[in-house]
Amino acid sequence: MAALDSARPGLLASLNGKYHRAALAVFAVVVVAHWAEHLVQAFQIYVLGWKTPDARGVLGIPFPKLISSEWLHYGYAIVMLIALFALRKGFAGRSRQWWNLALGLQFWHHIEHLLLLVQAQTGWRLGGGTAPSSIIQLFIPRVELHLFYNTIVTIPMIIAMIVHRKASAVERELTGCTCSPESRRELATAAS
């Protein structure tokens with residue numbers, strides 16, 4: 001166990017240092033792909049006129065059971081929360097503020113998915129409904145709510161990444177991150 005604990009700080013330090021740019025790129029692709037699924041689902045409902053149960057995004061068409069699983073949705077919510085937390089130390093200044101906003105919003109989104117998962121597993125229903133419901137879903141339909149949640153988490157995350165790429169020398173020094181073009185030029189100059 002001690003070996004595993006000593007490996008974690010090195011991994012996190014690497015993910016927030018020399019591999020921060022790659023980790024952010026992979027994470028961004030996953031987040032944007034998930035957001036796109038919600039956009040496609042909304043398109044299927046509002047443009048194509050599909051009924052909500054038939055509008056399952058791109059992956060839900062070939063894998064309807066997978067997409068209807070609360071485990072999948074909760075799993076994604078917790079993985080995203082962990083990634084937002086794990087990659088947080090690579091940010092400083094204004095970019096950290098934007099990243100923290102995304103993290104806080106995702107924490108709430110995760111709570112809503114945990115509530116849905118508990119209901120799916122136990123049969124208990126919030127508000128006495130026939131299907132699992134999150135707190136805000138008592139007022140806003142699920143499709144629109146989760147498109148909204150993913151949007152309000154993704155936007156500050158993207159802003160954080162853009163601001164982060166323009167990090168000042170002080171911020172780069174604080175984080176040790178090499179995401180900014182200036183950092184990569186400095187590394188290239190030092191290597192030659």
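The mean pLDDT of the chain is 89, and 90% of the residues reach at least 70. Of the elements in the chain, α5 has the highest mean pLDDT, 97, whereas helix α1, residues 2-15, has the lowest, 64. Where pLDDT is low, the predicted coordinates should not be read in detail.

Turning to the annotation, an unreviewed UniProt entry assigns "transmembrane region" to residues 71-87 and 147-164. Residues 71-87 are 94% helix and 0% strand in the model, with 24 Å between the end C-alpha atoms. For residues 147-164 the model shows 100% helix and 0% strand, and the end C-alpha atoms are 25 Å apart.

The helix pair comprises α4 (residues 70-86) and α5 (residues 93-122), whose axes come within 9 Å and cross at roughly 155 degrees. Because angles over 145 degrees count as roughly antiparallel, α4 is roughly antiparallel to α5. The crossing of α4 past α5 is left-handed. On the α4 side, the contact is formed by E70, W71, H73, Y74, A77, I78, M80, L81, L84 and F85. From α5 come W99, A102, L103, Q106, F107, H110, H113, L114, L116, L117, A120 and Q121. Sorted by class, this contact of α4 with α5 holds 16 nonpolar, 5 polar and 1 charged residues.

Methods:
Residues are numbered from 1 along each chain as its sequence is written. This is a predicted model: local features need pLDDT of at least 70, side-chain atom pairs count only at pLDDT 80 or more; totals for chains, interfaces and linings use all residues. Side-chain values use heavy atoms; hydrogens and water are left out. Axes are lines fitted to C-alpha atoms, for helices over the stretch in contact, and angles run from 0 to 180 degrees between N-to-C directions. Helices (H or I, at least four residues) and strands (E, at least two) are DSSP runs, numbered from the N terminus. Angles under 35 degrees count as roughly parallel, over 145 as roughly antiparallel, 65 to 115 as roughly perpendicular and the rest as oblique. A crossing is left-handed if the near helix is turned anticlockwise from the far one by less than a right angle, and right-handed if clockwise. Contact means heavy atoms within 4.5 Å. Ala, Val, Leu, Ile, Met, Phe, Trp, Tyr, Cys and Pro count as nonpolar, Asp, Glu, Lys and Arg as charged, and the others, Gly among them, as polar. UniProt positions are given in the numbering used here, feature names are shortened, and annotations may be inferred rather than shown by experiment. pLDDT is the predictor's confidence in each residue, from 0 to 100.
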